[in-house]
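Hi,

Here is the structure I promised you. Have a look at it first, then read my notes below.

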Amino acid sequence: MRLLSRHPRRGGLIAALVLGLALLAGAALSPEAALAQATRGDVAQENPTGGSVPGNVLGATSDTEIWRQVRRGIQGTVSIPDPNAAQLIQSEGESWRAWRNGPLSTIGGWSLLGMVILLALFFALRGRIKIDAGASGRTVERFNAIERFAHWLTAVSFIVLAITGLNLLYGRYVLLPILGPEVFSAISVAGKYAHNFIAFAFMLGVVMMVVLWLRHNIPNRHDLIWLSKAGGLFSKNVHPPSKKFNAGQKVIFWVVVIGGLSISLSGISLLFPFEFKMFEGTYAVLNVFGAGLPETLTPMQEMQLSQLWHTIVGLFLIAVVLAHIYIGSIGMEGAFAAMGSGMVDENWAREHHNLWMAELKGEPMPDHGGGPGQGPGDGRPQPAE
């Protein structure tokens, strides 16, 4: 006491040193407590109450709250060129995985299987749709070489894309257990390259189809009659009027064109990752109609949405094309020849495309189409000789 009283400055210095050593010792013995104290100081600036809650926990700085913010996509700062690295967890990735491997795969698989079963039942009940008047033995050109090239370019490329795409979605469940990892890996890698490059052939085919057939696929009043009679698919001797393409073929055309455009855009987004913001722009347009969708998306969210949409449209197109393949092959007599040799029997043409046939032959236009047995000048099918 005497020493401190004789030298007050020295006493103050000693007291400060003792206090500093005590604080350092406390921090060394309990770093968690020191971190919590510092964190509480930061939080206190934002929350005057200090975030205190019952239960003797850290309040606003608890582990639960910290990880909740992390899961919500809170971002920090990084010095590396990739700004996405500043986000520790991108929770939409879990949502993407859950949707892709859950409802999307399940519903898509059942939809494709359901279409195959439906077509098999239709064939069992209706059988092959025959030429009611029988083949005439005379043929007429339905599609020229350029039109057939456009069709087969689109068709073959789509089949390759469908098979390789289905392998990406279902291959590990179906093929991997059968082929083994080495063979399955080799097939999948080859399929990936085929999918990426053959996609451009599909896009070219769709463009050619639009140029060649757009004018023939504009809806007209005859399509309503065709639809009201279901194209005669369920009844014999029923042949609704039709020009070069009937209402059913027009539906296929627009599904392929619109679906092909959509799946091509999402495919390009996947081929060139983080380069396009397709969904951000789409959401902005939809929000004009009150959709309430987010208009600011991260590049990773754009990729995830593109992948999901690419899969959805792809599965839908496969289901539709399965029906198209059926009716153009075993489902209807004489149909395959239209895209095979390009030549079709005259009676087939008169039954399924009577308005087009009458125009081609320079005959009077028939009134709404009809069954066989009509005169030669009305564009109706004639009995085989």
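Helices here are DSSP runs (H or I, at least four residues), numbered from the N terminus. The model is predicted, so local features need pLDDT of at least 70 and side-chain atom pairs count only at pLDDT 80 or more, while totals for chains, interfaces and linings use all residues. Residues are numbered from 1 along each chain as its sequence is written, and side-chain values use heavy atoms, with hydrogens and water left out.

Let's start with Gly 108, which sits in helix α5. Gly 108 has a relative accessible area of 6%, so it counts as buried (under 20%, with a 1.4 Å probe and protein chains only). Leaving aside residues up to four places away in sequence, Gly 108 touches Pro 103, Tyr 170 and Leu 315; contact means heavy atoms within 4.5 Å. Ile 312 is 204 residues from Gly 108 in sequence, yet their C-alphas are 7.8 Å apart.

Next, α8. This helix has 33 residues and reaches 45 Å from its first C-alpha to its last, close to the 48 Å expected (1.5 Å times one less than the number of residues). There is a bend of about 30° at Ile 198, taken as the angle between axes fitted to the seven residues ending there and the seven starting there. Among the buried residues of α8 are Phe 184, His 195 and Trp 213. What covers the buried residues of α8 includes α6, α7, α10, α12 and α13.

Enjoy exploring!

Notes:
Helices (H or I, at least four residues) and strands (E, at least two) are DSSP runs, numbered from the N terminus. Buried means under 20% relative accessible area, exposed over 50%, partly exposed in between (1.4 Å probe, protein chains only).
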